[in-house]
Amino acid sequence: MTVASIKTQADTSAQTGAVMEVRNICKRFPGVQACKDITLQFMPGEVHAVVGENGAGKSTLMKIMAGAYIADSGELILQGERVSFNHPQEAQFKGVSIIYQEFNLLPERTVAQNIFLGREPGKFGALDVAELNKNAVHVLKEVEADQLISPTAMCHSLSVAEQQIVEIAKAISFDSKVLIMDEPTASLTTIEVKILSDLISKLKDRGMAIVFISHRLREVFEIAEKISVLKDGELVGTVLTKDTNTSEIVHMMVGRDLDHYFPPLGSPEDFGEVVLRVKDGGNNFLKNINFELRKGEVLCVAGLQGSGRTEMAQALFGVVPFKTGTIEVYGKIRTIKTPPDAIRLQMGFVTEDRKAEGILPKQPIRDNILLTVRTLQPFLGLVHKDGIRKSRTLVPTLANKVDLRADTFDREAQYLSGGNQQKVVLSKWLSSKANIFIFDEPTRGIDVESKASIHDMIRGLTKEGIAVLMISSELPEVLGMSDRILVMRDGRIAGELPAKSSEKDIMLVATGHSEETNSKRKATVGKE
Amino acid sequence: MATTTPSENWFKRMSRSSKIPPVYIFLIVVFLFTGLMDLIYSDGQMYTNPNIMLNIIVRSVALGIVAVGQTLVLIGASIDLSVAYTISITAVMSSYIMQGNNSNVPVALLGVFAIGIVIGLANGLVITKLRVNPFIATLGVGLVVKGIINATFSNYTGSVPKEFEWFGYGTLGPIPVSIIILLLVVTIGWFILARTKFGAHLYGVGGNSEVARLSGVRTDRVLIGAHVLCSVTAVLSGIFLVSLMRSGAPWVGPNGVYDLNSIATAVIGGTALSGGKGGVWGTLAGVLIFGVLATAFNQLGINPYMKNILQGVIIILAVASYTARSKKEAA
């Protein structure tokens with residue numbers, strides 16, 4: 001079935017009971033047309049995925065639907081009625097709610113206060129605390145977490161996974177007609193995604209229209225019935241999931257076929273000496289960390305949220321150092337107690353939270369790239385003089401190397417797309433001639449095309465003899481990139497798997513099931 | 001999945017379950033220590049004379065009332081540097097309108113509350129609608145008010161009627177009226193924060209304004225409301241001060257350093273300057289710590305500048321202990 005024919009079909013079905021419709025929506029921001037004449041219908045009891053690269057206009061469209069932005073032109077139709085939202089509250093009252101990509105919990109407030117923020121029960125402005133907590137228990141019960149999470153617990157005391165559950169609980173508590181989910185799975189692990197998709201099907205059965213935005217196409221195919229693809233602010237088309245496949249969608253998204261998702265793995269002759277060896281590393285979060293990292297290889301660290309992956313990266317880089325054990329770099333035992341120690345040993349750390357830990361958003365690209373070079377200079381060194389001279393040659397060279405496209409290096413880094421920001425971080429470390437790279441979720445929240453180019457770049461680094469330790473929550477990425485896989489659980493390395501293992505193998509080790517079966521097996525063997 | 005720290009001891013658990021802000025321990029320590037000094041170097045009345053204890057609280061009333069308002073705006077991740085001048089304009093305007101005449105009291109009160117609301121609205125609107133940083137916005141509004149006062153009044157102006165002094169000096173049974181007023185204001189402050197939707201929304205706005213907005217909270221209205229409430233507490237402080245002094249002078253507010261002291265006491269009490277966290281009971285403890293210090297230094301007859309040094313040290317110690325604690329919690 002062709003794209004166009006389905007589109008017309010959707011148009012005719014609009015008269016027959018779409019919950020919400022957007023008609024000819026246009027929205028312009030300074031310098032960019034975020035949405036161009038977008039028309040879509042959302043049916044009750046249907047999961048409708050909206051996909052596209054970063055900057056395709058998905059988030060803008062969703063924010064318009066949820067009342068966070070006001071469209072320049074076009075109409076919102078809710079149950080046959082023309083509506084206009086000037087504030088997210090108005091959209092909520094009419095039954096349109098949204099969960100955003102970023103964490104949206106207040107750490108210093110309780111679970112119940114967070115779930116019902118802006119919709120607290122009580123009369124005449126007073127707050128009915130008992131009712132609030134009771135309602136929260138009710139909502140938590142719906143996500144089957146009432147035993148796990150107390151409504152009066154402070155959110156900062158919850159684990160990341162528990163916070164996700166609270167976030168989901170908050171979203172479903174709206175009891176709305178249309179629920180928009182803007183990348184709800186971006187920071188979820190596979191198991192949590194399963195919980196979420198179960199919930200989604202429950203909500204679907206209640207007749208809710210669900211708009212689902214994700215970069216992870218596999219989930220889109222699992223969860224959604226209908227997929228709409230946006231590109232450069234325009235609707236490319238809407239297709240039924242059952243009539244299409246991943247490559248067709250990718251083709252629609254990028255306008256061409258991506259011939260491969262991942263660069264070829266390294267071959268044995270690429271791997272050299274051991275550059276990094278950790279023996280019995282441990283601190284408050286980690287225990288018995290033992291592993292080796294070889295020159296020219298990509299070693300991936302997989303594991304569930306909270307299994308200690310990020311903590312291990314931070315320990316290696318001296319952010320939260322190991323308290324016990326030894327680290328050998330190029331065969332010599334070294335102490336890494338602070339990040340400068342690690343930088344001097346030519347290590348680079350591409351952090352998970354790009355905005356908070358990776359770039360200086362208000363500094364120009366140039367200064368971001370030169371940041372680590374400058375930390376290695378003497379304290380009273382002439383930063384400016386040196387900076388100007390170096391930036392003339394060094395910055396363009398590095399930018400060229402990582403394929404960073406920017407009209408001027410004086411642009412503030414905050415105006416770059418996620419993918420380009422990541423390239424800035426990368427060139428920052430290349431500038432200090434780092435040869436051991438730690439990547440923590442290098443492609444989180446980055447569109448398909450940039451993702452592929454970052455994967456190519458990582459592989460390219462290894463060809464130059466750089467050792468890469470990469471942390472990722474996305475199993476396809478782990479499998480596509482790694483020459484070896486470490487799986488972490490509860491702050492330990494639970495197992496090591498070879499390249500080309502299956503997702504199932506990783507999940508078994510990550511959840512601890514394989515070990516149980518092993519020990520059971522051992523027990524039976526003992527009996528025999 | 002649950003993050004229980006094994007090092008968590010009974011003391012921590014108790015202080016957490018009882019919900020008493022830890023700053024009260026600090027208050028007791030400061031009281032015991034200064035009392036001990038008093039016992040050694042002076043007559044030891046701090047431990048034995050209940051009037052001195054009462055005096056500690058009475059001294060704290062003016063600061064305590066405005067600190068409650070300051071706590072509200074701080075929780076909303078804002079700040080109010082105009083309170084000192086709001087106090088001044090209240091003091092001079094009310095005594096100027098009253099002119100010692102009882103029949104003028106209602107007009108005077110109506111007038112000063114109207115002025116307070118206008119100042120609060122100005123603060124809130126400049127911050128939310130013109131998007132000026134709260135520090136600069138309230139500094140600016142404060143300077144405007146200061147200019148108006150100084151252009152109009154230069155000395156004690158008018159007076160309050162005898163009956164009006166009841167607020168400052170009267171008692172209900174054995175308890176001074178001023179203490180009752182302070183407790184009332186603190187309780188109202190607590191009620192607003194803990195038992196109203198406005199309070200819940202204020203924590204949201206301060207914790208993360210965008211999260212609150214996207215959750216459907218009318219963030220601008222909430223912040224403007226907090227600023228109006230803060231200015232109203234400044235007006236109450238001004239009324240209380242003028243009833244003590246019997247006549248209003250333009251320097252009442254700035255001389256009492258009510259702007260910075262109200263911020264300092266709120267912060268000592270555990271309210272975060274970055275917003276979204278804190279409460280009025282902690283602020284009350286912070287205010288009482290300042291009261292204890294003032295009384296103790298009076299008793300001991302020490303150079304009052306020493307008091308400033310100690311206040312400074314206490315602010316730093318208190319805030320340092322909070323960050324140390326939250327780091328441990330995060331670990």
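This is a predicted model: local features need pLDDT of at least 70, side-chain atom pairs count only at pLDDT 80 or more; totals for chains, interfaces and linings use all residues.
A residue counts as buried here if 20 or more other C-beta atoms lie within 10 Å of its own. By that criterion, 7 of the 8 residues of helix α10 of chain A, residues 309–316, are buried, so this helix is largely enclosed by the rest of the structure. The residues concerned are R309(A), T310(A), M312(A), A313(A), Q314(A), A315(A) and L316(A). Just after α10(A), the backbone of G318(A) adopts a positive phi of about 80 degrees.

The average pLDDT of chain A is 80, and 85% of its residues score at least 70. One comprises residues 1–14, for which the model has 14 contacts beyond four places in sequence. The other comprises residues 515–528, for which the corresponding number of contacts is 0.

The overall organisation of chain A can be described next. Its secondary structure consists of 19 helices and 20 strands. Of its 528 residues, 48% count as buried. When contacts between residues at least 6 apart in sequence are considered, 68% of them join residues at least 24 apart. The domain assignment divides chain A into domain 1 (1–95 + 176–259), domain 2 (105–174), domain 3 (262–346 + 435–528) and domain 4 (356–434). The C-alpha centres of domain 2 and domain 3 of chain A lie 36 Å apart.

The nonpolar interior follows. In soluble globular proteins, nonpolar side chains tend to be buried together. The largest nonpolar core in this model has 178 residues, and those with the most contacts inside it are I210(A), V211(A) and F212(A). Helix α12 of chain B, residues 219–245, supplies the largest share of this core, 15 residues. Domain 1 and domain 2 of chain A both give residues to the core, so it lies between them. The surroundings of F212(A) can be listed individually: leaving aside residues up to four places away in sequence, F212(A) touches V47(A), H48(A), A49(A), M181(A), V220(A), I223(A) and A224(A). A second, separate core has 72 residues, among them I359(A), V424(A), L461(A) and L497(A).

An α-helix has 3.6 residues a turn, so residues three or four places apart point the same way.

The contact between the chains takes 24 residues from chain B and 24 residues from chain A. On the side of chain B that touches chain A, the elements giving two or more residues are α10 (197–207) and α11 (209–214) of chain B. Of these, α10(B) provides the largest share, 8 residues. The residues on this side of chain B divide into 9 nonpolar, 10 polar and 5 charged.

Chain B also contains L293(B), which lies in helix α15, residues 280–300. L293(B) is buried, because 20 other C-beta atoms lie within 10 Å. Not counting residues up to four places away in sequence, L293(B) touches V30(B), T34(B), K307(B), L310(B) and Q311(B). The C-alpha atoms of L293(B) and M306(B), 13 residues apart along the chain, are separated by 9.9 Å.

In chain A, Q346(A) lies in the loop between α11 (339–344) and β16 (347–350). Although Q346(A) is not a glycine, its phi is positive, at about 60 degrees. Q346(A) has 17 C-beta neighbours inside 10 Å and therefore counts as partly exposed. In chain B, V257(B) is found in the loop between α13 (252–255) and α14 (258–268). The phi of V257(B) is near 45 degrees, a positive value in a residue other than glycine. V257(B) is partly exposed, with 14 other C-beta atoms within 10 Å.

Conventions
Residues are numbered from 1 along each chain as its sequence is written. Chains are lettered from A and ligands numbered from 1 in the order in which they are written. Domain bounds come from an automatic or database domain assignment. pLDDT is the predictor's confidence in each residue, from 0 to 100. Two residues are in contact if their C-beta atoms, placed from the backbone, lie within 7 Å. Helices (H or I, at least four residues) and strands (E, at least two) are DSSP runs, numbered from the N terminus. Ala, Val, Leu, Ile, Met, Phe, Trp, Tyr, Cys and Pro count as nonpolar, Asp, Glu, Lys and Arg as charged, and the others, Gly among them, as polar. A nonpolar core is a set of buried Ala, Val, Leu, Ile, Met, Phe, Trp, Tyr and Cys residues joined through C-beta atoms within 7 Å. A residue is buried if 20 or more other C-beta atoms lie within 10 Å of its own, exposed if 12 or fewer, and partly exposed in between; C-beta atoms are placed from the backbone.
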